[in-house]
Amino acid sequence: MDGRPRQNPAYRRARHLWAGNCDTSTVLPGPPSNLTHPWGNSETPYDEIGGDPSVRTLVENFYDIIEDESPVLRKMLPADTSGSRQKLYEYLSGWLGGPPLYAEKRGHPKLRMRHLPFAIGDAEAEEWMRCMSKAMTTSGVEAPLSAFLGQKLADLALHMRNQS
Ligand code: HEM
């Protein structure tokens, strides 16, 4: 954590976004569970994953996996991926319901627009998800959070497609 007060209005908005947007039935089919949220019992996915250090670890593992084993994604990135790592870390911090670091620093993410310079079809979106799923496993993200994030991130990755 960075000591930012939880009373921060942007933080509260992000938290309510999560609280309002979850459909437990599509994430956790089957008998009702005793979870207060589809991602677990913490107030936000950000808290559930373990806060700032865990978001950082997830992103570092994700980019390490891309650099080690994903030529398709690697070739889209700059030689030095430290800036790419920093931007995804900041984005995920807010997206998960934590401090909105990306928005504070860079404004509205306009994520789909920012991906238009890169040719993204089914194969690239699926490869992105494969690397992210592996990164979640490597980082120790467990069910139900892993299932919840897997679904939400897959939706987002598919939304980034700009090629058939
Ligand atoms: C669908 C497959 C995807 C591909 C192939 C892809 C690829 C890329 C590439 C090549 C960049 C530029 C990196 C740089 O400038 O250093 C980028 C930036 C970024 N991507 Fe993705 N991405 C994908 C999906 C996603 C998803 C699902 C998210 C959100 C969870 C995301 C979040 C970001 C962010 C925050 C940036 C930085 C934007 C900026 O400020 O320039 N990407 N992505």
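Which element supplies the largest share of the shell around the ligand? In this predicted model, that element is α6, with 5 residues.

**Fold**

The protein contains 10 helices and 0 strands. Read from the N terminus, the order of elements is α-α-α-α-α-α-α-α-α-α. Of its 164 residues, 26% count as buried. Among contacts between residues at least 6 apart in sequence, 72% join residues at least 24 apart.

**Ligand shell**

There are 23 residues around the ligand, and M76, S84, K87, Y91 and W128 come nearest. By class, the shell has 16 nonpolar residues, together with 3 polar and 4 charged ones.

For α6, the contribution is 5 residues, the largest share.

**Confidence**

The mean pLDDT of the protein is 88, and 80% of its residues reach 70 or more. Over residues 1-7, pLDDT stays under 50, and the model has 7 contacts beyond four places in sequence for this stretch. The pLDDT is also below 50 over residues 20-25, a stretch with 3 contacts in the model beyond near neighbours in sequence. Where pLDDT is low, predicted coordinates should not be read in detail.

Methods
Residues are numbered from 1 along each chain as its sequence is written. This is a predicted model: local features need pLDDT of at least 70, side-chain atom pairs count only at pLDDT 80 or more; totals for chains, interfaces and linings use all residues. A residue is near a molecule or strand if its C-beta atom, placed from the backbone, lies within 6 Å of it. Helices (H or I, at least four residues) and strands (E, at least two) are DSSP runs, numbered from the N terminus. Ala, Val, Leu, Ile, Met, Phe, Trp, Tyr, Cys and Pro count as nonpolar, Asp, Glu, Lys and Arg as charged, and the others, Gly among them, as polar. A residue is buried if 20 or more other C-beta atoms lie within 10 Å of its own, exposed if 12 or fewer, and partly exposed in between; C-beta atoms are placed from the backbone. Two residues are in contact if their C-beta atoms, placed from the backbone, lie within 7 Å. pLDDT is the predictor's confidence in each residue, from 0 to 100.
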